[in-house]
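This report is meant for a reader who is meeting the structure for the first time. Please keep the sequence and the model in view while reading the sections that follow.

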Amino acid sequence: MASKSGGFSVRGLREWLEAPVAEGGNAGRTPLDALRGAAARITTPLLPDDYLHLVNPLWSARELRGRIVEVRKETADSATLVIKPGWGFDFKFAPGQYIGIGVLVEGRWHWRSYSLTCPPDWTGDATNKGRRLISIAVKAMPEGFLSSHIVSGVPEGTIVRLAAPQGGFVLPDPAPSKVLFLTAGSGITPVMAMLRTMDRRDAVPDVLHVHSARTPDDVMFGDELRELHDRRPGFTAHLHLTGENGKFALADLDTVCPDWRERETWACGPLPMLDEIEKHWAAAGIGDRLHVERFEIERNATAEGGTVTFAKAGRTAEVDGATTLLQAGESAGVQMPFGCRMGICQTCVVTVTGGHVRDLRNGKEHRAGDKIQTCISAAAGDCTLEV
Ligand code: FES
């Protein structure tokens, strides 16, 4: 119940102070939001970000920001970004969660979601003087414009936008006594946050990690996995090289990890691998012990494309049928809500107010009045969205 005194509402004051930040659309509001909102109120009607940005580019009353402080190559086509978040970032995320990151390239903000690879409340090494940091790891994808841009040399010092940590693929605290990680390629990234968290807590239970990569040079965090394997009696890393041995056969689990049915399992990697794992676990009657994280949308349908009108923003975009409505809005400079960008979290849901859009996963068509997930939908002709 809100505390009141002579008609003065503390909750009301707080909501008034936080409103500018809430309007900015950032999920994961924190007590610092009141402070950031107050800055907006004090400097209104002039834009508060104009003042704050002059003092420190990481300060914003309306959005989460961060500065890239280090770019570290992991393999030929992947890199770790170490980021110093600005005001309002919640460092109490759960290991395994992801963040949204927006990077300005040629005048346009490009957004993607990436798993955090650091433990919560991480401060990096001693040279960082205790400032709290976060890290993500990015693998360049052939068709991924932003991932290639990041890996091939986003400069240190770049200011990025951030969306708050979220996601349900997380390690509980305390961790289960027997854990199995099944990862492939960049699917290792959320698991690295889990491993680093357990190591930092000095609480590494019985953990077996089966990781697949094409060659030894393609293994992200290979040295760190080896070092952890040697140092922590509870941790076993099992590397499977697909270039030499083909893909890992789940039937081999009975040899590599005879007690796999007793373990709480986290799996992350390409879609076909995850589909197989889900079937294998379901057939064993232990689907409830399996946690899965997907990095890609399973596209089984196409759309025609068209002109998308973003009614509230007063903007339009001409798009083809492969471009999601989320990407269309972002490319038109519309502040689109989003989270996972994979059709899971529902953060991106908006209402169609005209025309037709299609779900790229199953081909289902939606019309005016329907609520749709913009991250997995495309324009089936001209359409209008209430955003
Ligand atoms: S962003 Fe998560 S469902 Fe669309």
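This is a predicted model: local features need pLDDT of at least 70, side-chain atom pairs count only at pLDDT 80 or more; totals for chains, interfaces and linings use all residues.

## An exposed residue after a helix

Asp202 counts as exposed, because its relative accessibility is 58%, and exposed here means a value over 50%. Asp202 sits in the loop that runs between helix H5 (188–200) and strand E10 (206–213), and its phi is positive, at about 55°, although Asp202 is not a glycine.

Gln346 is another residue with a positive phi, near 70°, that is not a glycine. The loop that holds Gln346 lies between helix H10 (325–331) and strand E16 (349–359). With a relative accessible area of 45%, Gln346 is partly exposed.

## A cis peptide bond

The peptide bond that joins Asp173 and Pro174 is cis, with omega at about 5°. Pro174 belongs to the loop between strand E8 (159–166) and strand E9 (178–184).

## The chain as a whole

The protein chain contains 10 helices and 19 strands. Of the 387 residues in the protein chain, 49% are buried. When contacts between residues at least 6 apart in sequence are considered, 64% of them join residues at least 24 apart.

## Helix H5

How many residues does H5 have, and what does it reach from its first C-alpha to its last? H5 has 13 residues and reaches 18 Å, which is close to the 18 Å expected at 1.5 Å a residue. H5 is largely enclosed by the rest of the structure, because 12 of its 13 residues are buried. Among these buried residues are Ile188, Val191, Met194, Leu195 and Met198, and also Thr189, Arg196 and Asp199. The helix is followed by Asp202, the residue with the positive phi near 55°.

Arg196 also takes part in a salt bridge with Glu224, in which the closest N and O atoms are 2.6 Å apart. This pair links distant parts of the chain, since Glu224 is in helix H6 (residues 222–231) and Arg196 is in helix H5, 28 residues apart. Arg196 counts as buried, because its relative accessibility is 17%, whereas Glu224 is partly exposed, with a relative accessible area of 30%.

Strand E12 (residues 264–269) and strand E13 (residues 290–294) run parallel and are joined by five bridges. One of the residues involved is Gly269, whose bridge partner in E13 is Arg294. Between the two strands, the chain crosses from E12 through helix H9 (residues 271–283) to E13, and this β-α-β crossover is right-handed.

In soluble globular proteins, nonpolar side chains tend to be buried together. The largest nonpolar core in this model has 28 residues, and those with the most contacts inside it are Val308, Phe310, Leu325, Val357, Ile372 and Leu385. At least two residues of this core come from each of strand E14 (306–310), strand E15 (315–319), H10, E16 and strand E19 (377–385). Apart from its neighbours within four places in sequence, Val308 is in contact with Arg315, Thr316, Ala317, Val319, Leu325, Ala379, Cys383 and Leu385.

There is also a second, separate core, which has 27 residues and includes Ile101, Leu133, Ile136 and Leu162.

## Salt bridges

Side chains of opposite charge can pair when their charged atoms come close. The count of salt bridges in the model comes to 27. In one of them, the side chains of Glu63 and Arg65 meet at 2.7 Å, N to O. Glu63 counts as buried, because its relative accessibility is 13%, and Arg65 counts as buried with a value of 10%.

Another salt bridge is formed by Arg261 and Asp254, whose closest N and O atoms are 3.7 Å apart. Arg261 is partly exposed, with a relative accessible area of 39%, and Asp254 counts as partly exposed at 41% relative accessibility. Elsewhere, salt bridges that share partners join Lys178, Asp206, Asp259, Glu262 and Arg263 into one network.

Methods. Residues are numbered from 1 along each chain as its sequence is written. Side-chain values use heavy atoms; hydrogens and water are left out. Helices (H or I, at least four residues) and strands (E, at least two) are DSSP runs, numbered from the N terminus. Buried means under 20% relative accessible area, exposed over 50%, partly exposed in between (1.4 Å probe, protein chains only). The expected span of a helix is 1.5 Å times one less than its number of residues. Two strands pair if DSSP finds at least two bridges between them. A crossover is right-handed if, with the strands pointing away from the viewer, the path from the first strand over the helix to the second runs clockwise. A nonpolar core is a set of buried Ala, Val, Leu, Ile, Met, Phe, Trp, Tyr and Cys residues joined through side-chain atoms within 4.5 Å. Contact means heavy atoms within 4.5 Å. A salt bridge is a side-chain nitrogen of Lys or Arg within 4 Å of a carboxyl oxygen of Asp or Glu.
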